[in-house]
Amino acid sequence: MTSWSFSRKIALRYLWSRRSEAFISIITVISVIGVAIGVMVLNIVMAVMSGFETELREKIVGTDSHIVISSRNSAWIEDWRSSASLISGIPGVKSISPFTYHQVLVRSQSRAAGVLLRGIEKGSASAEQVKSYLGPRQSLDSLFDPPSVTVLMASGEESEATIPGILLGRSLAQTLGVFTGTPVSVLSPQVNSTPFGLVPTFRRFVVTGTYSSGLVEYENGVAYISLAEAQRFFGMNGGVTGLEVRINDVNQAPALAKQILEKLGGAGSNFLVRDWTATNRPLWDAIQLEKRVYFIVLLLIIVMASFSIITTLIMIVIEKRKDIAIMKTLGASTKSVSRIFRIQGAVIGGIGTVLGLVLGLLGCVGLKKFGFPIDERIFQMSQLPVEIEPLNFALVGLAAFFICFFATVYPARRAASLEPSEVLRYD
């Protein structure tokens, strides 16, 4: 029998003690359960954190854009069509959409709110994205071709008129107390010179609908109008604030942003190109830091479970002192005796880790299937998101196993250091 086979056979026999030593077996089971619970909890928490990251990325990238091109030195881009044609041929670019962006004050009859007014072009990818936020009975066509509404004239009489449409976020519409068909006033910080002095630019719009993106803060702060109406309202002479570029693979946004900037003339040009990772970098850095902190803190559960493994092995060493002395007397090497207890710890840790991975996977699948309701006003989503990533499971499993394996170092060294003569003399 080889040294390895000898150590493995003795180790497996020691794991399940005789009835008189059943207490050690109970501690062994508790150690396995402790490791399994630690691994399960860590896997579920990591899956939930990954789910939050994925959900926020999809919502933010969906409402904003993958890459945004703006002017570095002026308020808007005048010859934007030629710029769009330059970058349209870059591999990986899916669509290019012009947009305008201005801060305005939206006022209803009784309330007012400051928002960012965004102009979008009919049929563009941005318009299609906004369309996906509408309810089943709403249509985006009314934003570009609004119906006539009843307005109150200066004389106090009511009259039918056609005024531009505006699309508000659901939360913003509730704040203003308006609904579809309600006229609202939009005031721009830009001023016009009149005989009465400087007067802010003012225009009446009709609410053509409301959208829900899943991000309450976004819904409270962004409203949409047609691109042509925005250009007229703000006097942009056909220019746009920037270009939204959507790509096939959002993870390639930083690399494609560099290619687009080079295509437009490089860093010395009048263009500023930013991808979604740079725009939302503080948020992603905070999420990644939070994931690392949770991983380290919850890993302490497994470290605590490893102490029960140490306790189990030390008790086995104390219980088997005579057996160890006899084995060493019969020729078992110090290395073989040490290996017995390392194998025991590895088996306990391995079983606990595998059991924890299985329970963690079942827990994640259960949460993903049945859901766990959360407050949408706080977390921007109605159910707890779960993203099962094999890499996270692999990292947790390896970390747990190595922690349990390192817990065998002291008991193994203590068993190997026993002197047969001293043990047999006094026992």
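A crossing of two helices is right-handed if the near helix is turned clockwise from the far one by less than a right angle, and left-handed if anticlockwise. The exercises below use a predicted model.

**Exercise 1.** Describe how helix α13 and helix α16 pack, and state the handedness of their crossing.

Solution. 
1. Locate the helices: α13 covers residues 334-370 and α16 covers residues 409-416.
2. Take the geometry: the axes lie 8 Å apart, at an angle of about 145°.
3. Assign the hand: α13 and α16 cross in a right-handed sense.
4. List the residues in contact: α13 contributes T334, V337, S338, F341 and R342, while α16 contributes A412, A415 and A416.
5. Sort them by class: five are nonpolar, two polar and one charged.

**Exercise 2.** Decide whether T208 is buried or exposed, and find which residues it contacts.

Solution. 
1. Apply the cut-off: buried means under 20% relative accessible area. T208 has 11%, so T208 is buried.
2. Set aside neighbours within four places in sequence; the contacts of T208 are then S142, L143, P146, G165, I166, L167 and T180.

**Exercise 3.** Identify the largest nonpolar core and the element that gives the most to it.

Solution. 
1. Count its members: the largest nonpolar core has 38 residues.
2. Find its centre of contacts: I67, I69, Y224 and I260 have the most contacts inside this core.
3. Trace the elements: those giving two or more residues include β1 (67-71), β9 (222-226) and α11 (281-319).
4. Pick the main contributor: α9 gives the most, five residues.

Conventions
Residues numbered from 1 in each chain as written. Predicted model: local features only at pLDDT ≥ 70, side-chain atom pairs only at ≥ 80, totals over all residues. Heavy atoms only, no water. Buried < 20%, exposed > 50% of the residue type's maximum accessible area, 1.4 Å probe, protein only. Contact = heavy atoms within 4.5 Å. Axes fitted to C-alpha atoms, helices over the stretch in contact; angles between N-to-C directions. Helix = DSSP H or I, 4+ residues; strand = E, 2+ residues; numbered from the N terminus. Nonpolar A, V, L, I, M, F, W, Y, C, P; charged D, E, K, R; others polar. Core = buried A, V, L, I, M, F, W, Y, C linked by side-chain atoms within 4.5 Å.
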